[in-house]
Amino acid sequence: MSRPLPKLGVTTYSFTPQYHGLELSFEDIVRRIGSLGIGPGLEIVGFQSIKGFPEIPDDFVRLFRGLVDEYGLEPSCLAVNADLGLLPDRLLSPQEMADYLAPQVRAAAELGFPAVRLQKPAAPEAVELLLRVAEKEQVKMGFEIHAPDSVHSDWVMALRELYARLDSPYLGFIPDFGSSTRRVSPSVWEEYRRRGVSQEALDTLDARWNEIHASDQRPSESELMGEFSELTHSLGLGAFAHPLAMFCAGIHGHQDPQDWAEIGSQIIHVHSKFFGFDEDGDEPAIPLADLLKVLVDAGYTGYLSSEWEGWHWDPTPDAAATVQRHHRLSRDILESL
Amino acid sequence: MFPDRLIVPEELGVEEDAGGATAVTFRVRLPWYRALPMDGLHLSDVAFDGRPVASDRLDVEIDGTWRPYEDVAGLRDAWWFVLDPLRVRVRGLEPVADGEHKVTATVGARVPYIVLGTEALVIKETLTRALPLNARSAA
């Protein structure tokens, strides 16, 4: 008997270049997702898609629910933001953070999302304060673990302890596959070669990333960013120094795919991050087959929200077409497991 | 993010300011993917035809009201939505002739969920763009 498998889906964040460029409205994007069959899971970013968020205008609720019904989509996750630096002069306290996130959790319930994506800046104390809201609204809260963090990062370990103590089905994690890459996406190097960066400079960055990856060292986010910033500046990359450092340090993580098994039962949603494809249709930077096997072995049957982020360096490809390719790849792998 | 979109490619607006000098207006885009707090707006290195413009000669239009740029940091509960261009006014210019004018601006905002130490990250992008002015149609 075949094993139950995760379901496919997409986040509208994948369409950021065309949305920001005013080429596609939110409604256009959801209609493309529905008509091309790149759901059924549908994830949106509250502060991106809804003006006035976390207040939800009535006409948005009608539009959203109507589109979901029309195309048979399934709201999977509402990405909310833990805006710790909301105020210009100081950081939010845990109580203020809980109060700030509560309406965002309620917004998820109002739109029919079973889960919200939380971010690292929401402290464990804030989550504990927020839990009763999530339980009342029946919305699960999942912390996104994003590159360069891993299941072993200090803040994730603190949450794992908190979860063990609170033991609530409304608390979980959202792996972002960018935490478990196997190399920097070749599409980064292609794009910056096209922009005139020397092959020697790109090779130096690639070699350093691979060296860190092969070692047992797992530098922190600030250490990685500091190191790659220094390296890109020393290579004289000018305006390209910051983005290239960010792509090496903050988007391509080093966690072993197998490590997701440690939190397998607490995974409530997945950001199936991808950047681009090689000639065979594979994703060269993301070990997708390994990752999906770990999830299936862990019994995960939730959504794989395809999240295309190659647009950071090349915004020109059509987002829908790239997600279609990613769904084909994901489906082939799942069928082979 | 999306630095090429920072200054909207469209005609400059032109008006006479309170002191009888000329003001021009243009629109800028938020260089980020989601709404950000308006009190974290950053405008710097603004230049018109290569001449630097001090920040006390800049206004921005928020919810239909012009405000001095230097007052924006004191606003609360205002957001810059990702799809909404922000209109900027440069005051105190000499009369401006028809034709193309070079506008330069660094535009940014505080990203409140990316906190480094005790401070939120401020993202910025810079662009110079030639914008056309046709005083008759702008008036």
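How many residues of domain 1 of chain A are in contact with domain 2 of chain A? In this predicted model, 13 residues of domain 1 of chain A are in contact with 12 residues of domain 2 of chain A, where contact means that the C-beta atoms, placed from the backbone, lie within 7 Å. Local features need pLDDT of at least 70, side-chain atom pairs count only at pLDDT 80 or more, and totals for chains, interfaces and linings use all residues. Residues are numbered from 1 along each chain as its sequence is written, while chains are lettered from A and ligands numbered from 1 in the order in which they are written.

**Domains of chain A**

- Domain 1 of chain A covers 7-183 + 252-336, and domain 2 covers 186-247; the bounds come from an automatic or database domain assignment.
- The C-alpha centres of domain 1 and domain 2 of chain A are 26 Å apart.
- On the side of domain 1 of chain A that touches domain 2 of chain A, 4 residues are nonpolar, 6 polar and 3 charged. Ala, Val, Leu, Ile, Met, Phe, Trp, Tyr, Cys and Pro count as nonpolar, Asp, Glu, Lys and Arg as charged, and the others, Gly among them, as polar.

**Annotation and helix α4 of chain A**

- An unreviewed UniProt entry places "domain: Xylose isomerase-like TIM barrel" at residues 46-319 of chain A; such annotations may be inferred rather than shown by experiment.
- Residues 46-319 of chain A are 45% helix and 12% strand, with end C-alpha atoms 19 Å apart. Helices (H or I, at least four residues) and strands (E, at least two) are DSSP runs, numbered from the N terminus.
- Helix α4 (residues 58-71) of chain A has 14 residues and should span 20 Å at 1.5 Å a residue, which agrees with its end C-alpha atoms being 20 Å apart. The expected span is 1.5 Å times one less than the number of residues.
- G72(A) follows α4(A) and has a positive phi, near 65°.

**Contact between chains A and B**

- 19 residues of chain B are in contact with 19 residues of chain A.
- On the side of chain B that touches chain A, β10 (99-116) and β11 (119-133) each supply at least two residues, and β10(B) gives the most, with 4 residues.
- That side of chain B has 12 nonpolar, 2 polar and 5 charged residues.

**Sheet in chain B**

- Four strands of chain B form an open sheet in the order β5-β4-β10-β11, with antiparallel pairing; two strands pair if DSSP finds at least two bridges between them.
- β5 (51-52) and β11 of chain B are at the edges with a single partner strand each, so one side of each has no neighbour in the sheet.
- Strand β4 (residues 42-48) of chain B pairs with β10(B) in the antiparallel sense over 5 bridges. The bridge partner of A47(B) in β10(B) is T104(B).

How values were computed
Contact = placed C-beta atoms within 7 Å.
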